[in-house]
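My entries are set down in the order in which I looked things up.

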Amino acid sequence: MTRPVLVLVVLMLAGCDSPGPGFGALPGTRVTVEGSTFAVRRNGGTAQAIRLNAERRDGGMARGARAIELGTGCQIRPGTLSGDPAVVYARLSCASL
């Protein structure tokens, strides 16, 4: 393997489960929805789901949203889902907030 390819592979693997701002110190809960595996993190009333497996199919945002609900035990507030199929953010509505 050539050096540039090796560097690219290492960088890709390092970013697989790197939480965004506000989620870095929080442990991730692994949740699988319809074959997609996510690391879900909750920080108060906000949550993040990072997809851990590579895939090319529709519905990634919906699976990420479901992973957030399953991983946090909370419902997503309507109109707060954002991100892309690889990293999904949402505001939560929880009894425990």
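The entries below go from the whole chain to single residues.

**Entry 1: basis.** I note that this is a predicted model, in which local features need pLDDT of at least 70, side-chain atom pairs count only at pLDDT 80 or more, and totals for chains, interfaces and linings use all residues. Residues are numbered from 1 along each chain as its sequence is written, and side-chain values use heavy atoms, with hydrogens and water left out.

**Entry 2: overall fold.** I found two helices and six strands in the chain, in the order α-β-β-β-α-β-β-β. Helices (H or I, at least four residues) and strands (E, at least two) are DSSP runs, numbered from the N terminus. I recorded an accessible surface of about 6,000 Å², with 58% belonging to carbon and sulfur atoms; the method is Shrake-Rupley with a 1.4 Å probe, and for residues only the protein chains shown count as cover. Of the 97 residues, 30% count as buried, that is, under 20% relative accessible area.

**Entry 3: strand pairing.** I next followed β3. Six bridges join β3 to β2, and the two strands run antiparallel. Strands count as paired if DSSP finds at least two bridges between them. β2 and β3 form a hairpin with two residues between them, and glycine 44 in the turn has a positive phi of about 65°. β3 also pairs with β6, in the antiparallel sense, over five bridges. Glutamine 48 in β3 stands opposite arginine 41, and the bridge partner of glutamine 48 in β6 is tyrosine 89. I noted that five of the six residues of β3 are buried.

**Entry 4: nonpolar core.** Which residues of the largest nonpolar core touch the most other members? They are Val40, Ala49, Ala67, Ile68, Ile76 and Leu92, out of 15 residues. Two or more residues each come from β1 (29-33), β2 (36-43), β3 (46-51), α2 (60-72) and β6 (87-93). Such a core is a set of buried Ala, Val, Leu, Ile, Met, Phe, Trp, Tyr and Cys residues joined through side-chain atoms within 4.5 Å. Leaving aside neighbours within four places in sequence, the contacts (heavy atoms within 4.5 Å) of alanine 49 include Val40, Ile68 and Val88.

**Entry 5: arginine 63.** Beyond neighbours within four places in sequence, I listed its contacts as Val33, Glu34, Ser36, Phe38, Glu55, Arg57 and Asp58. A polar contact of 2.9 Å joins the side chains of arginine 63 and glutamate 55. A polar contact is a pair of N or O atoms within 3.5 Å; within protein, one must be able to donate a hydrogen and the other to accept it, and residues adjacent in sequence count only if both atoms are side-chain atoms.

Key. Buried means under 20% relative accessible area, exposed over 50%, partly exposed in between (1.4 Å probe, protein chains only).
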